[in-house]
Amino acid sequence: MGDLRNGCLILLLILMGFGVDVKGENLVFNVKHKYGGRNGNGSILNDLKAHDNRRHSRMLTVIDFKLGGNGLPTDAALYYTKISIGTPSRDFHVQVDTGSDILWVNCASCEGCPTKSDLGIDLMTYDPKASANGKSVSCDEEFCMLNTPYSDCRTGMPCDFQVSYGDGSSTAGFFVKDDIQFEQVSGDLQTTSMNGSIAFGCSSRQSGELGASNQAVDGILGFGQASSSVISQLAATGKVKKIFAHCLDGKNGGGIFTIGPVVHPKVNTTPLVPDA
């Protein structure tokens with residue numbers, strides 16, 4: 001089931017059903033626990049990253065995302081990462097969720113969106129008009145027709161979305177498209193920036209626990225199989241392989257979330273297949 005030594009659980013999942021030829025590049029998220037760093041310096045994870053980078057320095061590119069939060073059911077029970085969106089870019093903290101598909105962030109003038117967080121982060125809202133490359137996705141665009149088809153679509157109408165979660169909370173809004181910046185870490189540990197033009201949700205209305213201050217973040221980053229997910233959109237452009245993995249430090253919190261194949265350490269893989 002993975003390697004539990006040093007309190008670090010490694011899980012690698014392969015999203016099936018994607019048939020493009022892609023380059024072997026990775027996106028890596030540094031996972032932070034809500035209380036990460038209190039009882040340790042993260043040396044285990046740093047050593048793991050450095051070892052992995054040395055092993056595949058000639059074949060893979062790594063992108064780091066630092067995560068916060070924790071998985072305790074008695075607390076916030078979430079992990080989140082920081083992503084940069086727009087031109088000029090702004091930082092947003094989004095929950096990492098392998099059980100949903102789309103990325104969405106709180107939109108300017110959102111109804112019911114949180115205004116404060118107990119996680120020690122400053123909440124932000126996204127305004128597509130404030131970004132040089134931000135634009136709304138209309139219902140007649142291919143992305144919308146594939147993911148949220150309209151029966152009464154007219155040219156120029158926005159592509160709306162609505163997502164409901166298992167705890168009864170929900171969010172709704174419209175899709176936009178903008179640049180998202182990823183930090184690439186090459187084999188020699190040098191960091192460069194990679195941009196990806198991604199369609200994502202701009203939340204204009206929320207309800208339920210999404211607005212609770214103890215777990216409030218700027219949005220949710222889904223890693224589902226649908227073509228609307230960030231990993232699927234990046235894979236469609238050949239930037240990454242449609243594989244993700246994560247290593248969570250069970251003692252001090254934190255960890256790494258990776259998009260792309262893990263070369264070292266050796267891990268077991270589990271395919272994600274559609275429901276029968």
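Start with Phe161 and Phe175, which are both buried, meaning under 20% relative accessible area, where over 50% is exposed and in between is partly exposed (1.4 Å probe, protein chains only). This is a predicted model, in which local features need pLDDT of at least 70 and side-chain atom pairs count only at pLDDT 80 or more, while totals for chains, interfaces and linings use all residues. Residues are numbered from 1 along each chain as its sequence is written, and side-chain values use heavy atoms, with hydrogens and water left out.

Phe175 has a relative accessibility of 2%. Its ring centre lies 5.4 Å from that of Phe161 with the planes at 45 degrees, so this pair is tilted. Rings of Phe, Tyr and Trp (its six-membered ring) pair if their centres lie within 6.5 Å; planes under 30 degrees apart count as stacked, over 60 as edge-to-face and the rest as tilted. The pair joins distant parts of the chain, with Phe161 in strand β9 (residues 160-164) and Phe175 in strand β10, 14 residues apart. Helices (H or I, at least four residues) and strands (E, at least two) are DSSP runs, numbered from the N terminus.

By the ring rule, there are five aromatic pairs. In one of them, Phe143 and Phe175 have ring centres 5.0 Å apart and planes at 75 degrees, so they meet edge-to-face. Elsewhere, ring pairs link Phe92, Tyr126 and Phe200 into a cluster.

How far can you trust the model? The mean pLDDT (the predictor's confidence in each residue, from 0 to 100) is 75 for the chain, and 63% of its residues reach 70 or more.
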